[in-house]
Amino acid sequence: MIPIVSIVGRKNSGKTTLIESLVPELRKRGYAISVIKHHSHIIKQGEVDCEGKDTYRYQLAGAQTTVLAGQNKLMLIRELKNPCSIDEISRMYLSELDLILTEGYKLEDKPKIEVFRQEIVKKTGLLCNPEKDNLVAVVSDCPFNLEIPCFELNDYSKIADFLKEEFIRR
């Protein structure tokens, strides 16, 4: 099974920014990385591909799966009866990888790195409970006294080192 680590945090905490910075750092080290973005709402027609495009028209026509294949990219749009777990997505579509990072999926039982910004959160604490939620690290602009690693927001190299040491197995 490919290792999976979920990047979680409150809205506007910097989850996407962290992933955008970790992916090139890990790729530079030679690792194959995938990202799964969790969308907690129902995705409406046209949110992924645009009205008038062939893929959009195929979906309107009733295709349960539409694939757009180019010389350098593949995009799969599939109608689901039930949401897929991270493990199901990994098993069905993501094979030859070293690590899968997810954005969100805070309710799945996967190792989690929480992004915490004091300005965004104000008076509340961490979203995840370090003892119950499989929290393996915190990335923050303020110190935490936890028994798990805590990284500064822009310390992408050290976070990548942590991911390599703890999750990536060659």
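Buried means under 20% relative accessible area. Keep that cut-off at hand for this tour of a predicted model.

**Stop 1: the whole chain**

Trace them from the N terminus: the order is β-α-β-α-β-β-α-β-β-α-β-β-α. The C-alpha trace spans about 55 × 40 × 25 Å along its principal axes.

Now colour by burial. Of the 170 residues in the protein chain, 38% are buried. Switch to a surface.

Next, colour by charge. There are 25 positive and 25 negative side chains. The centres of these two sets lie 3 Å apart.

Take the contacts with a separation of 6 or more: residues 24 or more positions apart account for 60% of them.

**Stop 2: the phenylalanine cluster**

Select Phe151, Phe162 and Phe167. Ring pairs link these three residues into a cluster. The count of aromatic pairs in the structure comes to 3.

Take Phe151 and Phe162 to begin with. Their ring centres are 5.6 Å apart, and the planes make an angle of 55 degrees, a tilted pair. Phe151 sits in strand β8 (residues 150-152) and Phe162 in helix α5 (residues 156-166), so the pair ties together parts that are 11 residues apart in sequence.

Now move on from Phe162 to Phe167. This pair is edge-to-face, at 6.1 Å centre to centre and 75 degrees between the planes. Both Phe162 and Phe167 are buried.

**Stop 3**

Turn to charged side chains. The structure holds 7 salt bridges. Select Glu25 and Lys28. Their side chains meet in a salt bridge of 3.3 Å, N to O.

How far apart are Glu25 and Lys28 in helix α1? The two are 3 residues apart in this helix (residues 15-28), which puts about one helical turn between them.

Compare the accessibility of the two partners. Glu25 is buried, with a relative accessible area of 15%. Lys28 is exposed, at 63%.

With Glu25 and Lys28, they are linked in a network of salt bridges.

**Stop 4: from a loop to helix α3**

Select Lys110 and Asp87. They form a salt bridge, and the closest N and O atoms are 2.7 Å apart. Lys110 lies in the loop between β5 (99-103) and β6 (112-116), while Asp87 belongs to helix α3 (residues 86-93), so this pair ties together parts that are 23 residues apart in sequence.

Lys110 is buried, at 15% relative accessible area. Asp87 counts as partly exposed, at 23%.

**Stop 5: Tyr105 in the loop between β5 and β6**

Stay with the loop between β5 and β6 and select Tyr105, which is found there. What is the relative accessibility of Tyr105? The value is 9%, so Tyr105 counts as buried.

Which residues does Tyr105 touch, leaving out those up to four places away in sequence? Show Ser6, Ile36, Lys37, His38, Cys84, Ile86, Ile89 and Lys112 to see its contacts.

Then draw a distance from Tyr105 to Ser85. Their C-alpha atoms are separated by 8.9 Å, and the two residues are 20 apart along the chain.

**Stop 6: neighbours in sequence**

Finish with Glu165 and Lys164. They form a salt bridge in which the closest N and O atoms are 3.8 Å apart. Glu165 is exposed, with a relative accessible area of 55%. Lys164 counts as partly exposed, at 34%.

Notes: Residues numbered from 1 in each chain as written. Predicted model: local features only at pLDDT ≥ 70, side-chain atom pairs only at ≥ 80, totals over all residues. Heavy atoms only, no water. Helix = DSSP H or I, 4+ residues; strand = E, 2+ residues; numbered from the N terminus. Buried < 20%, exposed > 50% of the residue type's maximum accessible area, 1.4 Å probe, protein only. Contact = heavy atoms within 4.5 Å. Lys, Arg positive; Asp, Glu negative; His and termini not counted. Charge placed at Lys NZ, Arg CZ, Asp CG, Glu CD. Phe/Tyr/Trp six-rings, centres within 6.5 Å; stacked < 30°, edge-to-face > 60°. Salt bridge = Lys/Arg side-chain N within 4 Å of Asp/Glu carboxyl O.
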